[in-house]
Amino acid sequence: MDLQNNGSLEPGLTVGRLAFGRGLGCGATSVVEFDVAGTAAYDQITVAGTATLGGTLDVAVDAGFTPVYGQTFRIMTAGLVSGEFDQITFAPMQGGRVFVADYTPTTVTLRVDLGCIADWNLDGKINTLDFLAYLNAWASKDPISEITGDGVINTLDFIAFGAILWGLDGPRSVADP
Ligand SMILES: [Ca+2]
Ligand SMILES: [Ca+2]
């Protein structure tokens, strides 16, 4: 019979793979914990049958890894993916980066997107300190300062952040997948 998960499901204590020979059902109260430690080191679930999704997908980022805008993680493959997780939870990330999930009929892929990046230092206010925090990240070529999606950190990113911070193109929020 299919496995029905209504509690907590963790592919591994750190990074692991879980394979289900038949189906997997995630109820409304279920929590699926995913560890992400790198672009090639993250939990993966394989379901031969139907994966019926719901509940919470909780993403835990390894302390030694910084998710960068545009990165993707194929976290689940199934014979058929039915439904979606009700919510995705994760610890706040500097620069307002967020995890969103992309669904296809047979896969679930986590993607790092930009949330409200104007509050770069996550203090709840948008002001000069955010500009200084971004400037520091950008000047040191911190990968999280790449915000234009072209994989290169250059003046365009700096201009883009300024435009977002000072509202030249309006507040940016893409928290909803
Ligand atoms: Ca701030
Ligand atoms: Ca860029």
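How many helices and strands does the chain have?

## Overall make-up

The chain has two helices and 12 strands, where helices (H or I, at least four residues) and strands (E, at least two) are DSSP runs numbered from the N terminus. This is a predicted model, in which local features need pLDDT of at least 70 and side-chain atom pairs count only at pLDDT 80 or more, while totals for chains, interfaces and linings use all residues. Residues are numbered from 1 along each chain as its sequence is written, and chains are lettered from A and ligands numbered from 1 in the order in which they are written.

Read from the N terminus, the order of elements is β-β-β-β-β-β-β-β-β-β-β-β-α-α. The C-alpha trace spans about 55 × 25 × 25 Å along its principal axes.

## Contacts along the chain

Taking contacts between residues at least 6 apart in sequence, 66% join residues at least 24 apart; two residues are in contact if their C-beta atoms, placed from the backbone, lie within 7 Å.

## The two helices

Helix 1 (residues 128–139) and helix 2 (residues 155–165) have axes that come within 11 Å and cross at roughly 165 degrees, the axes being lines fitted to C-alpha atoms over the stretch in contact, with angles running from 0 to 180 degrees between N-to-C directions. Helix 1 is therefore roughly antiparallel to helix 2, a term for angles over 145 degrees.

Helix 1 contributes Asp 130, Phe 131, Tyr 134 and Trp 138 to the contact, and helix 2 contributes Asp 157, Phe 158, Phe 161 and Leu 165.

Definitions and conventions
Angles under 35 degrees count as roughly parallel, over 145 as roughly antiparallel, 65 to 115 as roughly perpendicular and the rest as oblique.
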